[in-house]
Amino acid sequence: MPYANHSRTFADNKYVYPVLSRRSKGISVGINLNPDRVCNFDCIYCQVDRTSYIPPREVDIKLIGSELRETLDLVHSGRLFSIPPFDKTPPELRHLSDIAFSGDGEPTTFLDFYDVVKEVIRVRQDVRAFSGEPRLILLTNTSGLSRPWVQDAIDLLYKHNGEVWIKLDAGSDEYFKVVSRTHIAFRDILHNIIVTAKRHPVTIQSCFNKIDNIIPPHDEITAYCNRLKEIRENGGMIRLVQIYTIARPPAEDCVTPLTKDELTFIAEKVKEITHLPTEVFL
Ligand code: SF4
C-alpha cells in the first residue's frame, strides 16, 4: 500500500477520506474543511494540486457527520480493505489510528470550527460501541490558533482524547519565508504555538527537504532547535517533535526528500539542544 497515495477524495464523499498514514501507523480518517483547496500558506513542498478551478468553500457539518459515520463503519467492518488501493494495506496496519482535521488547507480558517469539532465528537461517541475511541487530531499551520473560538475548540478536543499537531518548518524568518510563502509573520506563528502549548501539550511536525539539491543549512537547524527551546522556556509543553520529509510530488520541482541519515541528524540536534523526544519518518 503506497503511503504516496493521500487522495482527499473517497467514493462520493465531499469531506471525509481515509488514508494510510505514516505518522499514524494505520488508517487515519481525514476531514477536509477546505474542499476549495485554499490555504493561507503556500508551502514549497505542498502536495495539494491547485492547478484546476474549484468552487468556493461550502462546509456542511451534517454531511460531514454522515460521511464520517459511514467511513468509520467501512474501516471497522473491514470492507475498506477490499477497496483499491486499501486492499494492499499490510495486515498490521489495518486499524483505525485517528480522525484528523486536515485536508487541502488550514482547518482553523473555517469560522464554525468549534461546531464541526462538536459534531465529530458526537459521531465518534455514537459509533464507540464498535470502534473504540480513536484519537482526534488537529493538524494545523498555527495561523488560526490565536482565535478564541479555535482555542475553545482545542479545549474541547483535549477533553475528548484529542491532540494538536503543529507545523514548524523553520528556525529563522528568512527560511520561513522561503518554505512557507505566507503573509503571516514568523513571530506570530511562534506566538500562536506558545499560546496553545501553554494550555495543552502539543506535537511539533517539521517537514525538512532539499531545496535545489541543498540540505537545510546547519545554522538553520540550530535556529530551529533554539525556537523549540524558546517555546519551552515560555511555558509551552511539547510532547514530541516529528521530523519528516516529502513522500509525494511537491508544489515545486526544486524540492526533493532528505535521506534517513539527514533526518536523523536533525533529530539528534533537537535532542542535543532541547532534550525533547523526537521521531523520524520517511
Ligand atoms: S499549510 Fe499545508 S495545505 Fe497549506 S500550503 Fe502548507 S502544506 Fe499545503
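**From the ligand shell to the strands and rings**

The ligand is surrounded by C39, F41, D42, C43, C46, R50, N141 and K167, where a residue belongs to this surrounding set if one of its heavy atoms lies within 4 Å of the molecule. Sorted by class, this shell has four nonpolar, one polar and three charged residues, with Ala, Val, Leu, Ile, Met, Phe, Trp, Tyr, Cys and Pro taken as nonpolar, Asp, Glu, Lys and Arg as charged, and the others, Gly among them, as polar.

The model is predicted, so that local features need pLDDT of at least 70 and side-chain atom pairs count only at pLDDT 80 or more, while totals for chains, interfaces and linings use all residues. Residues are numbered from 1 along each chain as its sequence is written, and side-chain values use heavy atoms, with hydrogens and water left out.

As a whole, the protein comes to eight helices and 10 strands, which are DSSP runs (helices H or I, at least four residues; strands E, at least two) numbered from the N terminus. The C-alpha trace spans about 50 × 40 × 40 Å along its principal axes. The radius of gyration is 18 Å, which agrees with the value near 19 Å that a compact globule of 282 residues would have; this radius is taken over C-alpha atoms, and the globule rule is 2.2 Å times the number of residues to the power 0.38. Of the 282 residues, 54% count as buried, meaning under 20% relative accessible area, with exposed over 50% and partly exposed in between (1.4 Å probe, protein chains only). Among contacts (heavy atoms within 4.5 Å) between residues at least 6 apart in sequence, 76% join residues at least 24 apart.

Strand β6, residues 202–207, is mostly covered, since six of its six residues are buried. In a regular strand the side chains alternate between the two faces of the sheet. In β6, V202, I204 and S206 point one way and T203, Q205 and C207 the other way, and all are buried. Strand β5 (residues 162–167) runs parallel to β6 and is joined to it by three bridges, pairing of strands being assigned if DSSP finds at least two bridges between them; I166 has I204 as its bridge partner in β6. Strand β8 (residues 238–244) also runs parallel to β6, with six bridges joining the two, and the bridge partner of V202 in β8 is I238.

F41 and F176 form an edge-to-face pair, at 5.9 Å centre to centre and 80° between the planes. This pair links distant parts of the chain, as F41 sits in the loop between β2 (26–32) and α1 (61–77) and F176 in helix α5 (residues 173–180), 135 residues apart. F41 counts as buried because its relative accessibility is 6%, and F176 counts as buried at 5%. The rings of Y244 and F281 are stacked, because their centres are 5.2 Å apart and their planes at 5°. Y244 lies in strand β8 and F281 in strand β10 (residues 278–281), so this pair ties together parts that are 37 residues apart in sequence; Y244 and F281 are both buried. Ring pairs also link F41, F176 and F186 into a cluster.

Definitions and conventions
Phe/Tyr/Trp six-rings, centres within 6.5 Å; stacked < 30°, edge-to-face > 60°.
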